[in-house]
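Colleague: Please pick one part of this model and take a close look at it for me. Spell out your cut-offs as you go.

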Amino acid sequence: MSNTTVLNSHAFTDRMFRRLFWPTLMSAIGWALGDIADALFVGIRLGKVGLATMSLVAPVYMIYNVLDVGIAVGASVKYAHALGKGDAKEGINIFSQMTVVCVVTSIVIGLVGLLTMPYILRFLGAGSPRGALWSYTRQYLQIMFIGAPFTFLYFLLYYCIRCDDNEKLASAGYTIGFLSDVVASAVFIMGFKLDVRGVIYATVLGKMVGVIIFLFHFTRKWTILRFRFVKPEFKKILAALRTGMSSSFGYIGQFITLIVVNNLLLRIGGSGTLAVFNVVQDVSYVSLAIYTALGDTVQPLSATFYAEHNRAAIKRIMQLGMVIGVVSGGVIALLFALFAPSICELFGLSGAATSTGTFAVRLFCLSVIPAGLNIIWSSCFQAIKKERIVFLINQLRTFVCFLLFALLFSVYGFRWFWLTFLCAEVMTLIIWAPFAYAKRQTDTSRVFTYLLDTNSADISDLLAKAEAFCEANNANMKQSYCVSLCVEEICQAIIENAFNQKGDEYIQLTLCFEKNGTVVIHLRDNAVSFNPFDMKTGKDYDDDEQLASLGIQMVKSKSKQFFYRRYSGFNTLTVEVE
């Protein structure tokens, strides 16, 4: 491609990135504010004991996240793959399968948690059954387990709706859910004096509000995402779980790490040091929110482009994510470092704890950029089916490296302990990078891409190159004819019926020979909403319109399957030819 062509092709990826990123960023900020509000109000109301309680329940959230995020991410990635390949029926099937898994799992984990509560409290190190720490932790976990179904559905619907071209509603539900959590926390804790019970009441209420908002997505006429009662297909369920768990399974390691670190900090510095650790954790939620948003933007787009065999688009998406991440992450880390004393006082720390907290926050800020790079790359690898590398990244940064450096630095005192964050993230980058780039190269000979500029390019040039591509891949005469027919008729229909002929109008084409011998045609254009497959013949049409619609009918008859959707502001079509 010429340099101009490459820049024009970026018009698709850049706009799709922006369209998904801003709502996702609002969601990430809402999530961070929700988590911070819990610690903030508890710290003001209960001081160090309240903050220590929040640290103790954190490992249980890690177990939750293994399952709820694992199910949600696995379902959304597989759904995006299915729609990227033009198979809406398969996408609906995957969503339905995983919804059942989500509901059943949440009920089971809630019941098990309630029945084994005393054992969980002892394992977490909640102290004496007569102590305040035990009482607060028990009250928190009881409500948390009862509200498990809402938490699990909240994440499943959020991730899947984002992949169904409704990122604004997904962001609204996610953000309003967490903001409801913030407001309710203030009312329950500061107004009704409910202590830590107010935190978890507010959290569950926020999830319920989010789920209700998400349900409005299913009232849209053009929504593809649907729930259907389907027969369980364990192979597909396991495949989705494997994809989702490759990242969420890191929470298991994080669970173990938090148990060890909580007890370690209690031993070397008491509840005050544990309270500082909780403040650092809360600072990490906000400082890494930009990377959470970038990862959640990269993931569905990379999954879609991966299904379309559009490697150039994946590369461009990653370029955007990395540049934004490094610049914005650096600015955020600098601001937190500068205002670290005020942040610590805001969370209720005082005296020597404020000095320790300031030092800890500033050392943590050094780890923001390397942590962000790990998060962005992990999201991309998950979308393109490199689950082993995702698993490696998450186990290293949250478990192996973190625990190793935590044990090492704690020997020299709690002030050295705060270097753990930086060293764990940097070591993770050093270890996983060689494994990622040693992977096999993609066979590009079976993929053909072309950007059609409707103002200067000739369809005949596109057809000639598409035909040459088919011949180079030993396509039979029937396949070559069908591919040429589909490309010509669809492009012509788009140009004549959707474009306004005023410039900056493009059709992006990707042809791919799949392993099963079929040829898949992917087209994306920046015209107004237009589905060529809805064109019909009839006596109300003039001769030109009837001829164009007859061409589309021929495309339908010659293709194995065809699919249209409006996604991220563009018309997207997929045609499969045997």
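Modeller: Two strands count as paired if DSSP finds at least two bridges between them. The strands (E, at least two residues) and helices (H or I, at least four) are DSSP runs, numbered from the N terminus. Bear in mind that this is a predicted model, where local features need pLDDT of at least 70 and side-chain atom pairs count only at pLDDT 80 or more, while totals for chains, interfaces and linings use all residues. Residues are numbered from 1 along each chain as its sequence is written, and side-chain values use heavy atoms, with hydrogens and water left out.

I went for the sheet. It's open, with 5 strands in the order β1-β2-β3-β5-β4 and antiparallel pairing. β1 (447-453) and β4 (561-567) are the edge strands, each pairing on one side only. From one strand to the next, the twist averages 15° (axes are lines fitted to C-alpha atoms, for helices over the stretch in contact, and angles run from 0 to 180 degrees between N-to-C directions).

β4 pairs with β5 (residues 570-577) in the antiparallel sense over 7 bridges. The two form a hairpin with 2 residues between them, and Ser 568 in the turn has a positive phi of about 55°. Tyr 567 has Phe 570 of β5 as its bridge partner, and Phe 563 sits opposite Thr 574 in β5.

Helix α11 (residues 289-307) lies across β3 (519-525) and β4, at about 155° to β4; contact here means heavy atoms within 4.5 Å.

On a 1 Å grid over the protein atoms alone, a pocket is an open set of points where a 1.4 Å probe fits, with protein on both sides within 12 Å along at least five of seven lines; lining residues have an atom within 4 Å of a point. That lining has 20 residues, with His 81, Ala 82, Lys 85, Glu 90 and Lys 385 nearest the centre.
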